[in-house]
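Hello,

Here is the structure I promised to pass on to you. Have a look at it first, and then read on for what turned up in it.

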Amino acid sequence: PNVSLEIFEILSKDPGWGVRWSVAGNPNVSLEILKVLAKDPNDYIRSAVAENPNVSSEILEVLANDPDQNIRNTALEELKKRNLRESKINLSNLLF
């Protein structure tokens with residue numbers, strides 16, 4: 001179902017970590033909310049942000065310095081994938 005940005009905003013501040021975790025993993029949530037959730041004290045929330053398919057590289061760079069090693073690794077792996085895709089796109093542009 002469609003959830004408005006206002007509802008995501010409210011849910012992202014819920015005291016229950018499970019609610020915030022659901023918001024952090026939702027591909028329809030805004031980057032602004034992901035930026036806030038990337039600073040959440042709960043590791044599960046930050047991990048869900050790192051795994052969100054629409055998280056920005058900027059947020060991943062912040063999470064690449066997270067105190068939790070698993071979150072750092074997830075963020076770094078995603079950044080590597082994105083850099084590899086960019087390299088392939090740039091290479092194909094040069095070839096044609």
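Arg46 and Asp43 pair up in a salt bridge, with their closest N and O atoms 2.6 Å apart. Keep in mind as you look that this is a predicted model. Both residues of this pair, Arg46 and Asp43, sit in helix α4, where they are three residues apart, about one turn of the helix. Is Arg46 buried or exposed? Arg46 has a relative accessibility of 6%, so it counts as buried, the limit being under 20%. Asp43, on the other hand, is partly exposed, with a relative accessible area of 36%.

Now compare that with a pair in another helix. Lys80 and Glu77 also form a salt bridge through their side chains, at 3.7 Å from N to O. These two residues belong to helix α6 (residues 69-95), and because they are three residues apart there, about one helical turn separates Lys80 from Glu77. Lys80 is exposed, with a relative accessible area of 53%, while Glu77 counts as partly exposed at 41% relative accessibility. Some salt bridges share partners, and in this way Glu32, Lys35 and Glu58 are joined into one network.

Asp40 and Arg20 are both buried. Over the whole structure, the search finds eight salt bridges.

On the α2 side, the residues are Trp17, Arg20, Trp21, Ala24 and Gly25, and they meet Tyr44, Ile45, Ala48 and Val49 of α4. Sorted by type, the residues of this contact of α2 with α4 are seven nonpolar, one polar and one charged.

How do the two helices lie against each other? Their axes, those of α2 and α4, come within 8 Å and cross at roughly 10°. Angles under 35 degrees count as roughly parallel, and therefore α2 and α4 are roughly parallel to each other.

Enjoy exploring it, and write back with any questions!

Best wishes

Conventions: Residues numbered from 1 in each chain as written. Predicted model: local features only at pLDDT ≥ 70, side-chain atom pairs only at ≥ 80, totals over all residues. Heavy atoms only, no water. Salt bridge = Lys/Arg side-chain N within 4 Å of Asp/Glu carboxyl O. Buried < 20%, exposed > 50% of the residue type's maximum accessible area, 1.4 Å probe, protein only. Helix = DSSP H or I, 4+ residues; strand = E, 2+ residues; numbered from the N terminus. Axes fitted to C-alpha atoms, helices over the stretch in contact; angles between N-to-C directions. Parallel < 35°, antiparallel > 145°, perpendicular 65-115°, else oblique. Contact = heavy atoms within 4.5 Å. Nonpolar A, V, L, I, M, F, W, Y, C, P; charged D, E, K, R; others polar.
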